[in-house]
Amino acid sequence: MTSRRHVFGPVPSRRLGRSLGVDLIPYKTCSFDCTYCQLGRTTNLTATRGEFVPTGQVIRELEETLKQSAPPDYITLSGSGEPTLHSGFGAVVDAVRKITDTPVAILTNSSLMTDPEVRRDCAKADLVVPSLDVADREMFACVNRPHGDVDFDEMVEGLVEFRAMFKGRMWLEILLLYGITGIPPYVRRILPLVERIRPDRVQINTAVRPPAESTVRPVPSEDLRELAALFTPPAEVIAHFRGAEEEHEFAAHREDILAMLRRRPCTLDDVVSGLGIHRNEAIKYLDELQRDGRIRSEPRGGAVYYAAPAA
Ligand code: SF4
């Protein structure tokens, strides 16, 4: 049996139901270095496409996973960086089509929509969820911190062209930041761009998870609802503030990680394999624990080790 390195889940997703994730990109290889990124700072900032992981291996993992479990609601190309940077993502969608009728979704930061090949391959999906967080170049540089080859105006034109050729569904995600972009006068500047792009839905989000930069703050949920009402038709608010039950579950995982780190220092991979959770989940917990000062990290022998003082 092929071990799963690039396929994860299915995980419950509020937007997509049971979503089987496909991660085509090494951790934090991205064309952006967003201030709000829940995965931390981008370590490989690039706008150059490549076969970052072997396409054939991803397809074999998908085939095995789909053979072994009930069909998910979506197969979703997303993960730990920008999926359209992978030059074989279109071949992965083609392969999925041959194996199953399950719809395919692609979550993208929109940066490569300027490339006709990326538009053509994205158009093979059933659902594309591109992001557009800002209305102008200056804010683009501040919030998304793109690679120097990504031009804001060209990216918007790419989205307009993509919409014109794409027969599937397009949900535009806009992530707003407290006091920066999450204020009515700024959101009003995004409206004309949305009108040009003509997505099927607009979804408003905010930085509810610990972001790359500690200065970034989430927009309170009541403000998000008011900002969503500025769109015609009103946008959906998809930001998910943790409820009491989830807070309880989060606390339980956090305690498991703390117990593990009190026994011995561990790397991120140790936590992932020790607790059987996805890498992105583990990062989320470790980040939060580190911010709260409950664990510390130190580089050792080319790896980063996390440790917690004994209780
Ligand atoms: S939020 Fe997405 S687009 Fe932004 S840096 Fe993180 S992975 Fe890249």
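Strand β8 and strand β9 (residues 201-206) run parallel and are joined by six bridges, strands being DSSP runs of E of at least two residues, and helices runs of H or I of at least four residues, both numbered from the N terminus. The structure is a predicted model, in which local features need pLDDT of at least 70 and side-chain atom pairs count only at pLDDT 80 or more, while totals for chains, interfaces and linings use all residues. Residues are numbered from 1 along each chain as its sequence is written.

On the β7 side, β8 (residues 169-176) is joined to β7 (residues 127-130) by two bridges, and the two strands run parallel. In general, strands of a sheet pair through backbone hydrogen bonds, in either a parallel or an antiparallel manner.

Both arrangements involve β2. Strands β1 and β2 run antiparallel and are joined by five bridges, forming a hairpin with three residues between them. Within this pair, Val7 is partnered by Val22 of β2. Strand β2 (residues 17-23) is also joined by five bridges to β5 (residues 74-78), in this case in parallel, and Gly21 has Thr76 of β5 as its partner. Axes are lines fitted to C-alpha atoms, for helices over the stretch in contact, and angles run from 0 to 180 degrees between N-to-C directions.

Helices α5 (residues 152-165) and α6 (residues 184-197) pack at an angle of about 35°, with their axes 8 Å apart. Val156, Leu159, Val160 and Arg163 of α5 meet Leu193, Arg196 and Ile197 of α6, contact requiring C-beta atoms, placed from the backbone, to lie within 7 Å. This contact comprises five nonpolar, no polar and two charged residues. For such classes, Ala, Val, Leu, Ile, Met, Phe, Trp, Tyr, Cys and Pro count as nonpolar, Asp, Glu, Lys and Arg as charged, and the others, Gly among them, as polar.

The ligand is surrounded by Cys30, Phe32, Asp33, Cys34, Cys37, Leu39, Thr42, Gly81, Glu82 and Asn109, a residue being included if its C-beta atom, placed from the backbone, lies within 6 Å. This shell contains five nonpolar, three polar and two charged residues.

The protein chain is divided into domain 1 (7-241) and domain 2 (245-307), with bounds taken from an automatic or database domain assignment. Their C-alpha centres lie 26 Å apart. Each domain contributes eight residues to the contact; on the side of domain 1, these are four nonpolar, three polar and one charged.

Helices α9 (residues 268-275) and α10 (residues 279-291) pack at about 115°, with axes 9 Å apart. Leu268, Val271 and Val272 of α9 meet Arg279, Ala282, Ile283 and Leu286 of α10, giving six nonpolar, no polar and one charged residues.

Methods. Two strands pair if DSSP finds at least two bridges between them. Two residues are in contact if their C-beta atoms, placed from the backbone, lie within 7 Å.
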